[in-house]
Each structure stands twice: as C-alpha cells, then as structure tokens.
Amino acid sequence: MSQKAGNLMTASDAIIETQGLGKSFKGFWAVKNVDLRVRRGTIHALIGPNGAGKTTCFNLITKFLVPSEGTIRFNGRDITALKPADVARLGLVRSFQISATFPHLTVMENVRVALQRPLGTSFQFWRSESSLDRLNDRAMALLADVGLETYSELPAVGLSYGRKRALEIATTLALEPEMLLLDEPMAGMGREDIARVSQLIKRVAKNRTVLMVEHNLNVVADLSDTITVLARGEILAEGDYATVSRNPQVVEAYMGTGAGTPAGASAADA
Amino acid sequence: MKSREVLIGLLILAGLLVAPTAIYPVFLMKVLCFALFACAFNLLIGYVGLLSFGHAMFFGFAAYIAGHAIKVLGWPTELGLAAATATAALMGLAVGLIAIRRQGIYFAMVTLALSQMVFFFCLQSKFTGGEDGIQAIPRRPVFGVIDIQNDITLYYFVLAIFVAGFLLIYRTIHSPFGQVLKAIRENEPRAISLGYRIDHYKLLAFVLSAGLAGLAGATKVLVFQLASLTDVQWQMSGEVVLMTLVGGMGTVLGPVVGAAVIISMQNYLKGLGEWVLVIQGLIFVITVLVFRRGVVGEIWAAMTRRKPESGPPA
C-alpha cells in the first residue's frame with residue numbers, strides 16, 4: 001500500500017485540507033499553523049510525542065473543538081463553521097480513544113442506531129420500535145463483516161476490548177462514511193487484537209480514506225501510506241514511513257535512539 | 001421478555017380496575033396522578049439521563065391553568081385538561097431551550113431556578129389566588145355526558161388518563177426516537193459522531209415529559225377540586241425525584257411503584273406528623289446506599305440473574 005505515497009499530489013486529490021489551523025487554550029497554542037493534506041483513498045497517520053497536539057488536531061478536524069484560527073476543507077467545502085453532528089452527516093466520521101459503544105444496548109442495537117437515522121423516523125416517538133427490524137439484515141451483514149454476528153443479542157458492555165473496537169468500526173461503517181478518523185485505534189490492545197483490528201482497518205480502507213492518530217509505530221509503519229509528525233503543535237515532517245523515520249529532526253524529537261521505539265519512552269524531553 | 005412485560009401490565013391493570021371496591025378511591029386517584037407525574041419525570045432521568053429539579057413547575061402550573069379554565073372561564077373538563085397539558089408542554093419548550101445545553105448539576109440548577117421563578121409568579125399573580133389557591137373547582141361532566149361527581153366514576157376517568165399517559169411513555173421508550181434517547185444516555189459524544197443533533201432529541205423528550213407532568217397536575221385538580229402552591233413549590237420537585245428513585249429509575253413500572261409507596265406512607269403514617277418526612281429521608285438514604293436500582297430495578301435484576309446466560313460468552 002505504501003507505494004501509493006510516492007505519487008504526486010494535486011489539489012483535487014486532497015479530501016481534507018487544513019490551512020493555518022491553530023487552537024489556543026488560554027494563550028497556550030496546542031496546535032499552531034498546521035497545513036495538513038490528506039489524500040483521497042490513503043491511510044494517513046498522525047504521530048508525535050505526547051502533548052504534540054495530535055488529538056487536538058483530530059478534534060479540530062471533526063469539529064469537537066472549535067479552531068482558534070485557520071480553515072478546514074472537506075472535499076473542497078469549507079467546514080470550519082459546522083457542528084460535529086453535521087460534519088458526520090457529510091461523511092466524515094470519527095472514532096474515540098476510549099472505545100465508543102453504547103454499553104447497555106445490544107450489539108445489534110448499537111449498529112442499528114447508526115443505520116436508523118437515514119430512515120427519517122428518529123423523532124417519531126409514536127412509532128413502534130419494531131419498525132426498525134427491517135434494518136436487522138443490514139446490521140447483521142455489518143456485524144458479520146467484523147466477525148461479531150454470533151454476539152448480536154449480547155449487550156455491548158460484555159464484549160472484550162478488541163471486540164468492542166470491532167463493534168465500533170462496524171457502527172461507524174454503517175454510516176458508509178467517505179472518510180474515517182480513528183483516534184488511537186490500538187490503544188490498550190493486546191497483540192492478537194492489534195492484528196485483527198489492523199486487518200480490519202486495511203480492509204475498510206480499500207474504498208475510503210482513513211486518518212488516524214496512533215502511538216504504536218509498528219502499526220503505523222504497517223498501515224499508513226503517509227505519516228505526518230507533529231511536535232509542539234506544529235508539523236515537523238511528512239512522508240512515508242521510510243522518509244519520516246530517517247529524518248534527523250524526527251529522530252531527535254520523537255524517537256530518541258531510532259525507529260521502532262515505542263512512543264512515550266523518549267517523549268519526556270519533547 | 002416482552003410477553004412477560006405485557007402480562008405484568010395486564011395484571012396490574014386488572015388490579016386497578018377492581019381496586020376501588022377495596023381501597024378508598026380518592027387515595028387511589030392521588031396515587032395514579034403522582035404515578036403519571038413520576039413516569040413523566042422518569043422519561044427524562046431514566047432514558048435521557050437528565051435530572052430535572054424543577055418538574056413541579058409543570059405539574060403545579062398546569063394545575064392552576066386547569067383550575068382557572070374550568071372554574072373561572074367555565075370550560076368543559078376535557079378542554080381544561082387539554083389546555084393545561086398544552087401550557088405545560090409549551091413551558092417545557094421554553095425551559096428546555098434554556099436548560100438543555102447544560103449538563104449534570106448545571107442542568108438541575110437551571111431547572112430549579114426557573115421553577116422558583118414560576119413559583120413566585122404563582123405566589124404573586126392574581127389568577128392563582130395566592131396563598132388560598134383556586135378552590136372548589138367544579139367537576140363538570142366529561143364530554144358533556146360522563147358525570148364525574150361520583151368518586152368511583154371519576155376514578156375510572158383518572159385511570160383512563162393514567163393508562164393513556166403511561167402507554168404513550170411506554171411507546172416513546174420503545175420507539176425509534178427512544179432508541180436514539182438511549183444512545184444519547186449511554187454515550188453522548190458517540191451519538192453526536194453518528195450524526196445526531198442531540199439537543200433536538202433532548203428537547204423533544206423534555207417537552208413530552210413536561211406535557212405529561214402537566215396532565216398529571218391537571219388531573220389532580222379534578223380529584224381534589226383544588227389548585228394550590230403545594231403543587232408548584234420545590235418540595236414537589238424533590239418528591240417526584242424520591243418516588244422515581246425508590247421505585248427504580250429507568251424502569252417502566254418503577255415510578256408507579258415509587259409513587260404508590262410514597263403516597264401510601266404519607267397517607268397511612270399521617271398520625272406520625274412531621275416524622276413522616278424523617279422516615280421519607282431515611283428511605284431515600286437507604287435506597288441510594290443499598291438499593292440503587294430501586295424496588296422494581298432490584299426485582300428485575302434478581303429475575304434476570306436467575307436465568308442462565310444466553311448467547312456465547314463475551
């Protein structure tokens with residue numbers, strides 16, 4: 001997949017484009033002057049030491065935070081002033097660091113909540129719940145896609161961590177988003193779950209764009225076409241894994257002794 | 001699961017139909033009014049996760065509207081009830097627009113403050129009769145034909161209102177709208193990220209809850225032929241919280257049971273005077289500390305625990 005990163009980028013290739021994006025918290029600039037371009041159809045990773053502004057950047061793009069300055073364009077459209085729910089409706093759907101399921105709804109209901117909005121009956125308090133049953137087949141298909149079909153009747157709270165992540169991805173895919181934003185999809189996962197979710201991300205990225213924040217550099221190296229390294233709220237370097245990991249500034253600011261070191265270990269000086 | 005719910009509901013309904021042969025109907029009607037009030041309140045706390053601490057404003061103000069419409073304006077009973085319910089729903093819309101943007105304790109505080117404003121308005125304004133309230137409100141025949149002077153007939157009319165309100169809430173909980181409400185209660189940011197404009201959903205739930213609380217207050221006016229400051233003051237808001245917690249918030253029948261327990265205590269322990277409040281306080285503390293799910297919630301949990309786990313282990 002990474003050979004795609006070598007291609008030339010033109011303006012129309014960019015699905016997300018930020019210009020001079022900045023966020024200040026009471027005078028502290030968590031993100032400053034970020035020009036980020038995510039090319040359509042790629043997996044783009046946002047990495048950097050702790051406190052580099054990755055998650056802030058992520059929250060700005062999904063509109064969960066309001067930018068202090070700069071603009072964000074999605075498919076050429078200025079979305080800087082939109083509300084988070086409206087951005088989601090455009091097809092730009094995010095995940096969360098803590099796995100985001102609806103714990104006391106069943107696995108099936110979790111996916112159905114995402115499927116039901118386009119029906120246009122979501123305000124109809126007089127209509128029976130059974131009117132949602134026609135979504136069950138699609139919900140099951142989505143669950144089968146992530147290997148959860150046998151758990152459909154269980155409450156989500158009982159799933160293992162990796163399966164919750166899988167459920168979250170199934171729920172997100174139910175919206176048929178053009179672009180996925182994954183906030184640390186592997187956080188807190190065991191090796192086996194990481195392998196499974198990596199496969200899943202590769203699979204769902206086939207016909208969409210993915211932007212992810214991720215700490216696990218093996219995952220980043222394996223999955224991403226392009227990597228943007230942030231440090232102190234600014235872009236330090238950009239390119240494929242080989243390019244970025246050779247960049248001396250990146251090595252100094254982030255990796256300390258060299259490529260492959262887990263984040264955090266050498267981040268204290270950043 | 002669902003058929004069992006229906007069965008329990010039918011049994012309770014059968015019980016309520018024959019109840020006035022054994023129990024004083026005015027007491028039963030009082031329970032039903034508060035049960036509807038608590039159910040309306042539970043729609044917010046139990047299914048949206050919003051703690052309103054000002055629901056007395058809808059309950060009490062709707063009572064004044066019904067009383068004024070029926071006694072002073074001479075409106076028929078059903079029109080008085082409808083006007084009161086609509087007024088409460090409109091108040092819910094106004095209050096909701098202000099309060100819905102806040103969460104947790106701030107939401108509770110905003111609703112409390114607004115309900116205090118309504119209380120002082122009722123205290124000062126002429127049409128409410130101030131400290132006296134509106135008294136001797138006539139029981140006009142419903143739809144011009146059903147005479148409700150008789151307590152037994154009135155009981156069945158009140159029961160019909162309660163059942164209608166209860167079914168509306170039940171349907172709301174089990175509707176596409178209810179699914180979204182539960183999703184918002186479970187994980188608000190996630191519901192937003194799925195494209196739901198959650199404020200709109202919360203607002204509609206608030207309006208429904210306020211309207212039904214108003215219907216409950218207006219119905220109580222028919223029973224006691226009185227609308228007074230008691231129903232609009234903040235203690236009433238506290239009482240409905242207590243009923244819902246004791247019965248079990250987030251359960252369909254919990255508020256009904258809670259209302260029955262609290263009203264029975266107030267009624268049958270009258271001889272103890274002020275001590276009833278102390279006992280209520282104790283029950284509140286014990287419920288919060290030991291029976292967090294409330295009476296119905298604990299029974300439900302015990303029933304589902306006994307059943308073997310279904311489906312594959314997670």
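Let's start with strand 1 of chain A, residues 14–25, which is joined by 3 bridges to strand 3, residues 37–39, with the two running antiparallel. Keep in mind as you look that this is a predicted model. To find one spot where these strands meet, look for A:Ile16, whose bridge partner in strand 3 of chain A is A:Val38.

Now stay with strand 1 and look for another partner. Strand 5 of chain A, residues 69–74, runs antiparallel to strand 1 of chain A, and 5 bridges join them. Here A:Gln19 is a handy landmark, standing opposite A:Thr71 of strand 5 in chain A.

What follows strand 1 at the turn? Strand 1 and strand 2 of chain A make a hairpin, with 2 residues between them. In that turn you will find A:Lys26, which has a positive phi of about 45°. Strand 2 of chain A covers residues 28–34 and is antiparallel to strand 1 of chain A, with 4 bridges joining the pair. One such pairing links A:Ser24 with its bridge partner A:Trp29 in strand 2 of chain A.

Finally, let's turn to where the two chains meet. In chain A, 36 residues are in contact with 27 residues of chain B. Helix 2 (84–90), strand 7 (92–94) and helix 3 (107–116) of chain A each supply at least two residues of the side that touches chain B. Sorted by class, this side of chain A has 19 nonpolar, 10 polar and 7 charged residues.

Notes: Residues numbered from 1 in each chain as written. Chains lettered and ligands numbered in written order. Predicted model: local features only at pLDDT ≥ 70, side-chain atom pairs only at ≥ 80, totals over all residues. Contact = placed C-beta atoms within 7 Å. Nonpolar A, V, L, I, M, F, W, Y, C, P; charged D, E, K, R; others polar. Pairing = 2+ DSSP bridges.
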